[in-house]
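Colleague: I would like to go through this model step by step. Please show it first, and then I will ask.

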Amino acid sequence: MKTHWQILVVDDEEVMRESLAAWLREDGYLVDTAESGREAVEKATQKDYAIYFVDLKMPGGMDGIETMMQIRRKYADASIIIITAYATVDTAITAMKEGAQEYIVKPCNPEEISLLVSRIVKVKNLQRENSILRKKLSRQYRFQDIISKNARMHQILTLAHDIAGLRSTVLIQGESGTGKELIARAIHNSSDRAQKPFVAVSCAALAETLLESELFGHEKGAFTGAGERKIGKFELASGGTIFLDEIGDISPKLQVDLLRVLQERCFYRVGGQEEVRVDVRVIAATHVNLQQAVADGKFRDDLFYRLNVIEIRIPPLRERRDDIPLLARHFLERLAHELGKDVDEICEDGLKALMDYHWPGNVRELENAVERAMVTCHGRALTADDFAFLAQNGHTKSWTPPPGMNLQEMEKLAIIATLQRTGGNIKESAGILGVDRSTLYEKIKKYEIPR
Amino acid sequence: MKYLYVGATPEVDPDALAFVRDVALANFGAPVRQMELSGIDFAYDANRNQYGSIPVLEMLARCAPADARKLLAVTERDLFIPVLTFVFGQAQLGGRVGVVSLARLRQEFYGLPPNCEVFQGRAVKEALHETGHMFGLVHCADRTCAMSLATNVRQIDMKQAAFCAACAARLPARGELS
């Protein structure tokens with residue numbers, strides 16, 4: 001964890017500066033030096049220093065206290081240690097008041113400096129870990145936690161397990177609620193990165209500029225409202241895995257930026273000039289058909305191929321109905337405990353209601369359905385009546401068009417889906433779609449739908 | 001052929017030097033040569049009554065023989081760098097030269113009766129430590145590894161006169177050095 005933190009030694013006296021820097025380097029830290037307060041402030045804007053050793057007395061109109069104040073104004077969380085040859089109570093009080101973390105009198109006992117630095121680094125490591133822990137869901141999934149007896153799912157889990165140890169980018173495709181993040185977390189937790197952060201970002205939730213700063217961080221003053229430097233998710237995931245959900249929704253500009261990160265393993269913070277290098281495994285997920293988005297020119301093909309090194313397609317729940325009873329019972333068991341409800345069974349008719357439903361929201365919807373049924377049920381077993389709301393859902397649930405799709409594209413998809421369902425039967429398809437056969441032929445030709 | 005050189009300043013007991021040479025430097029699997037060094041009075045600081053380790057390293061860099069892969073100096077003088085009260089030794093990280101001070105390794109320094117075994121053990125560990133720095137090793141978190149940071153003799157005594165597996169793996173292979 002040491003090499004992660006960089007130190008700046010500021011002293012006008014070369015021998016003092018270089019000897020301390022050399023001593024700290026032997027301890028494994030990355031150390032830079034500055035021979036004046038001005039140079040220190042300049043260097044602080046180029047690199048993220050965790051600790052500053054600043055000599056109190058420096059010529060040129062900018063002493064240690066002034067240097068510290070200027071650095072702290074920009075980087076409030078910088079730890080500054082003031083060094084002085086003359087210990088006076090006054091200067092020590094001034095230094096501490098202005099925010100110095102410590103105050104040492106040279107020559108200083110090596111043990112003292114060593115303890116000082118390791119104490120600061122310990123706190124910094126804890127702060128970093130804490131911010132990661134707060135930002136990620138506290139749940140740690142493993143492959144054993146994924147419940148399925150479906151053969152296709154087992155193939156997927158085997159593949160995911162096999163590729164966990166690799167650094168290759170993974171693209172997980174599947175409808176909303178199929179458990180894309182669950183698979184991503186399981187891959188992360190089975191890899192040698194398990195002890196490092198797993199950082200999940202939903203690319204659909206934020207506007208382009210916000211997402212850019214969310215992913216790559218920003219420098220203080222990079223835009224209105226950027227009051228402090230912010231570390232992005234890529235940096236937070238350093239050494240670990242970043243999970244980019246809804247990757248299909250990102251703007252063309254971010255697609256370029258992301259391509260660069262995947263190719264070069266480095267990026268710039270928004271408004272920053274320092275190149276930041278990261279070792280991060282990327283797992284992307286999407287509910288839209290990315291291949292189609294590439295064909296339609298909405299998604300860069302080079303980015304798609306970079307992301308799609310390993311492809312995992314999770315089938316929707318309606319295509320693996322054999323998992324419904326298993327999952328429903330699992331949720332029942334867990335929720336009974338969480339809700340403190342004495343419900344321990346799902347009746348035959350209740351199960352039939354679940355099997356008959358089409359589950360557009362997939363496993364997540366099933367989990368919510370079981371929870372709702374348990375909250376309202378009165379007996380010890382869930383019946384078809386407890387799941388009556390599903391039938392209503394089926395009719396009243398408002399349909400939303402897939403994001404980024406126009407009317408013609410939706411019409412094309414509707415025709416393709418209907419033809420697939422009828423096995424290419426034009427008469428039947430035309431009947432379902434409510435158009436006559438000649439119109440359907442025209443549209444098939446217009447949209448170049450292969451038959 | 002490149003050698004590991006070891007040299008002592010004139011006041012050093014030849015036995016102590018021989019011990020460092022035969023026990024510590026033998027660990028690196030490279031041929032070892034011995035050389036004579038001049039005194040380091042030029043590095044004396046009257047205010048501190050100590051010797052600056054930086055001018056010593058500069059002198060060593062100048063007088064290292066052309067066939068020296070590394071040069072480790074041993075001195076009885078008490079060494080310091082300006083910001084610290086003392087150092088047990090210093091080396092150029094990944095560089096060619098390093099120095100070890102025996103002054104604070106003796107029990108007598110702490111008002112205790114002499115103990116040759118303890119003294120020699122400490123000298124070997126510090127020689128390994130500084131030579132490790134010359135080979136680019138930084139401090140190790142393993143308290144028993146020769147590369148762990150020692151700021152007092154207790155910590156030196158806790159170490160073993162050997163590198164941990166992780167540090168040993170970062171050293172050049174034996175074949176590369178001979």
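Colleague: How many residues has the largest nonpolar core?

Modeller: This is a predicted model. Among the residues with the most contacts inside the largest nonpolar core are A:Ile7, A:Ile51, A:Phe53 and B:Ala127. That core has 85 residues.

Colleague: Which residues does A:Ile51 touch, not counting those up to four places away in sequence?

Modeller: A:Ile51 is one of the residues with the most contacts inside the largest core. With residues up to four places away in sequence left out, A:Ile51 touches A:Trp5, A:Ile7, A:Ser79, A:Ile81, A:Val117 and A:Ile120.

Colleague: How many residues are in the other core, with A:Val170 among them?

Modeller: That core lies apart from the largest one. Its members include A:Ile250, A:Ala284 and A:Val288. It has 42 residues.

Colleague: Which element gives the most to the side of chain A that touches chain B?

Modeller: On that side, 18 residues of chain A are in contact with 15 residues of chain B. Two elements of chain A give two or more residues, α1 (14-26) and α5 (110-135). The one that gives the most, with 8 residues, is α1(A).

Colleague: What is α13(A) to α15(A), parallel or oblique?

Modeller: The axes of α13 (residues 323-339) and α15 (residues 362-376) of chain A come within 9 Å and cross at roughly 50°. Angles under 35 degrees count as roughly parallel, and 65 to 115 as roughly perpendicular. Therefore α13(A) is to α15(A) oblique.

Methods: Residues numbered from 1 in each chain as written. Chains lettered and ligands numbered in written order. Predicted model: local features only at pLDDT ≥ 70, side-chain atom pairs only at ≥ 80, totals over all residues. Axes fitted to C-alpha atoms, helices over the stretch in contact; angles between N-to-C directions. Helix = DSSP H or I, 4+ residues; strand = E, 2+ residues; numbered from the N terminus. Parallel < 35°, antiparallel > 145°, perpendicular 65-115°, else oblique. Contact = placed C-beta atoms within 7 Å. Core = buried A, V, L, I, M, F, W, Y, C linked by C-beta atoms within 7 Å. Buried ≥ 20, exposed ≤ 12 C-beta atoms within 10 Å, placed from the backbone.
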